[in-house]
Amino acid sequence: MHFNMLPNDIPLPIPTWGMDSVLMPVFLILLVVSFVVHMVFINVLLGASLASVYFNRKGAMEKNPVFDRVAYLLTTPVTISENMGALWGVAPLLLVSVLFTPLFYAAAIMNSPQWLHIIYGNVAAFLFSYLYKFTWHKLENRKPLHIMIGSASVILFFTLPLVFMSTVQLYWTPTTWTYNTHFWDALLRPDTFFRLVHFFLAAFAVTGLFMMLYGKHKQKSADATDAEAGTILLRTGKSWFALPTVLNLFAGPLALFQEPSYGIEAFFSAGYHWLIVLSVVIALICLYLVIRNFLNDHVSSGRVWTVAGLMAVTILSMATLRHGMRMSLIGPALAQAKAQSEQFQKDSYEARTAPKPAPAIAADAPVGKQLAEKNGCLACHAEDKRLVGPAYKEVAARGYTADKIVALVKQPVPADWPDYQPPMPPMPQVPEADVRQIADWINGLK
Amino acid sequence: MFDFPIFDMPMFGHRFIFAFDAIVHVFISHGAAVGGSIVLVLAQRLAIKNNDQKFDDLAYKVLFTLFILATAVGALTGIGIWIHANIINPAAIGALLRVFFWKWFVEWIVFNVEMVFLLMWFLSWKNRPLGTPAKQSHYRLGVAYAVASWLTMAIITAILGFMMTPGNWLRSDFPARPDYIAALMNPSWIPSLGFRTFFAVAWASAICMLLTWFFTRNDEETRVKGIRFFGKILAACVPLFLLFGYWYYLQFPAQAKELFVIGAITRRLAGNPQLATYLTLGLAALGLLGALTLYANPKRAPLVAAVIMLVGTSGLIGEFERVREFVRKPYIIYSYMYANGVRVIDMPLLERDGYLKYAQFVPPEFRQVSANGDNKLKVGEYIYKMECRYCHTVNGINAITARVKGWNEETIDNRIGSLHATVTPFMPPFAGNVAERQALSAYLYDLSSQQR
């Protein structure tokens, strides 16, 4: 298969010290594992920040301090997961940039300037979320304002996956690139859309799981409000986990079958679909464990931890099959980019080792002219016609002495040549001996 | 770079958006993280030694501010440097990542340590009261944070040093065989690290003096202690960073030293090199004047003294970063790659075959000037967008139309033919064949004549 537009690979080796067979799998494992950690933090960040604002508002409307407490408790995981999420995003970013450079950078450029939103939008979201957390008690009596601040951070956090996902989906699918592809094309495509749906549902499910764990932990608290808040977290967690997980059983296949067919074929022939089976089976078991006591609070800590452990396997398995789809899609493109780069480097080597053509200024030209060329004077001046600056014949007509010309090169007087723009800059770096020879040549021009 | 898509940034240009992110990152990372962690660890140590609750509270308030700045702005704009670089100069950052992958990977691990210790130090400060053994172990969290924070700077400085003075890092260019150790051990690494370390601590002390002023409005005694304490650190750092700065300067390539004056002021003012001296001394004087006023009489010193000090010191940092970036021109990686992403060794190929032959994201009908020349302007526009937009915009910052104003096509063409000349030693030479150069001249002439 051939890709019409594809940047060359970077003309430097991937730093494996010649141990590709050992280190490439290490890179890929690091990529998948660090990405999973990043994703879990990001999922909790999205879900918990939204849940905090939701419970804050609910507490204010119903004048119920327990809901307010739930909302406040959720700001701690938000602070931790926004920082750790960003931090653990760095490792996959580094690995993707090194391993898939031509594809990833090309997609990022096509998605720009929107790509920069993941920095500036993120900074703004962080600041709003800190403001929300650290003004909790100060703004106790001004809840509408406080909820607005919280909502601003949530809305900003929720815009970031749009930018990430469209860039990821674009770098995975170089067959879809055109000369005019840009951010909105990539975002509004069905493949990106269904992946986003899948992603956001998973974010809620993971947050649900987190809320169950956090709720069980808080239930044990000596403080009565905290213990009650723990029960609310547990209940909310169950429904946040169950409903999105059920919906994702449908969203997943929809996302999968939007990918270009050559990728799907390679994905199945490599056997990655068995990981789908594994993920679905485990997810169904977890659903059963959660739904069994859906309408009452008799969920033991052991059960919640079992679900969490099983879901960790599912998440790792989904991340691996995601990687499988990526490699199925971009494998051929990477090989082509590498081949292109090798050809280019070979051509470049030939071109630079070929015999050099004769210089523009002949060796028998006057010494002054050769020095004028060497010192770059001819960038702006010619012998007999106006360029940026006056023709040297015109300069000769003014009859400057050699001393005067030396002084003028060091500190030009643009006022003497008012019709010329821009003024000549001072060039003290030209050696005085050179200027004297150039001056002789100029003054010899008639 | 010819084989990547084109990213247009009208008006502001690439340089500006990159510089914006980078300078914000430098202010925050040097002030709030690297320097801030060291200064605050010293402050906490003093509070523990004197069992001084008020001073401990002051240190916490300063840390609170620096925590928000470091995590929300400093860390993200640091990642932002990659994000900006990968859309502005993918060839350069791609090359740097291949050479420095392992250092960056280690930096990420250290970054983890830094972040975890920062979170622990900050979030548990209030639960570890002064005068208890818990406080002593809490103090160690701060020390770990400061060490990790400094190590991230040490690694990144190696990469910045490499861009300016790569040393003998490429054992063979075809096939490419980098020497990773030589790249790391480049000549300007250690001097620039010393320079940055001490100016980071000095800059953080200045920020702490300003914050102390704010947080001690009702407590003159703590104000005197705080401002004098941070002021002493500032004073101790100045001679050290000057010393390392001079050592650092000695490492610069000769060609880069010649660009110092233009970098410090602007090209237009370069005829009066004394202005560069005045500017630098002026900013330093502002910083010192403000600091001395605060130090001499912390109780009476007005807020404006602290602000003047901050303006002076931040101005110096901004000027240093501009000079460092400017004098590296025309290269992005010295002697290896020009600022516009073209490798120096690829110039003969591009001259022979044309630049656009390899432009994957330019439609094929514009990769060559047609026989009747009807696509010449469009070809020129693509050349402009791929080679010049790194530094120029059409009408905005460093506008290309202002550069060629009043010139005829032949003049423009002649000028483009010798860009890397004495008059503009900071510009890379034109990459491409003669037809492309003429197409670019025609396009630029067309642009400027539309404005008449």
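**Note on the predicted two-chain model**

1. A:Phe104, leaving aside its neighbours within four places in sequence, is in contact with A:Val96, A:Ser97 and A:Tyr171. A:Phe104 belongs to helix H4 of chain A, which covers residues 101-110. The residue is buried, because 23 other C-beta atoms lie within 10 Å and the cut-off for burial is 20 or more. A further reference point is A:Ala186, 82 residues apart from A:Phe104 along the chain; the C-alpha atoms of the two are separated by 14 Å.

2. Chain A has a mean pLDDT of 95, with 100% of its residues at 70 or more. Within chain A, helix H6 (residues 143-172) has the highest confidence, at 98, and helix H13 (residues 367-374) the lowest, at a mean of 90. For chain B the average pLDDT is 94, and 100% of the residues score at least 70. For the complex, the predictor gives an ipTM of 0.94 and a pTM of 0.94.

3. The contact between the chains takes 59 residues from chain A and 62 residues from chain B. On the side of chain B that touches chain A, at least two residues each come from helix H2 (53-88), H3, strand E2 (176-178), helix H12 (347-353) and helix H15 (409-416). H3(B) provides the largest share of that side, 15 residues. By class, the residues of this side of chain B comprise 39 nonpolar, 14 polar and 9 charged.

4. Helix H3 of chain A (residues 75-99) packs with helix H3 of chain B (residues 90-123) at an angle of about 170°, the axes being 10 Å apart. The two helices are therefore roughly antiparallel to each other, since the angle is over 145 degrees. Among the residues making the contact are A:Ile80, A:Leu87, A:Val90 and A:Leu94 of H3(A), and B:Phe101, B:Trp104, B:Phe105 and B:Trp108 of H3(B). The contact of H3(A) with H3(B) has 14 nonpolar, 3 polar and 1 charged residues.

5. Helix H1 (residues 13-50) and helix H6 (residues 189-215) of chain B have axes that come within 8 Å and cross at roughly 90°. H1(B) and H6(B) are therefore roughly perpendicular to each other. H1(B) contributes residues including B:His30, B:Gly31, B:Val34 and B:Gly35, while those from H6(B) include B:Ala200, B:Trp203, B:Ala204 and B:Cys208. This contact of H1(B) with H6(B) has 9 nonpolar and 5 polar residues, with no charged residues.

6. The largest nonpolar core has 265 residues, and B:Ala206 and B:Met209 are those with the most contacts inside it. Leaving aside its neighbours within four places in sequence, B:Met209 is in contact with B:Ile227, B:Phe230, B:Gly231, B:Leu294, B:Ala306 and B:Met309.

7. The C-alpha atoms of B:Ala236 and B:Phe198 are separated by 9.0 Å, the two residues being 38 residues apart along the chain.

Technical notes:
Residues numbered from 1 in each chain as written. Chains lettered and ligands numbered in written order. Predicted model: local features only at pLDDT ≥ 70, side-chain atom pairs only at ≥ 80, totals over all residues. Core = buried A, V, L, I, M, F, W, Y, C linked by C-beta atoms within 7 Å. Buried ≥ 20, exposed ≤ 12 C-beta atoms within 10 Å, placed from the backbone. Contact = placed C-beta atoms within 7 Å. pLDDT = per-residue confidence, 0-100. Helix = DSSP H or I, 4+ residues; strand = E, 2+ residues; numbered from the N terminus. Axes fitted to C-alpha atoms, helices over the stretch in contact; angles between N-to-C directions. Parallel < 35°, antiparallel > 145°, perpendicular 65-115°, else oblique. Nonpolar A, V, L, I, M, F, W, Y, C, P; charged D, E, K, R; others polar.
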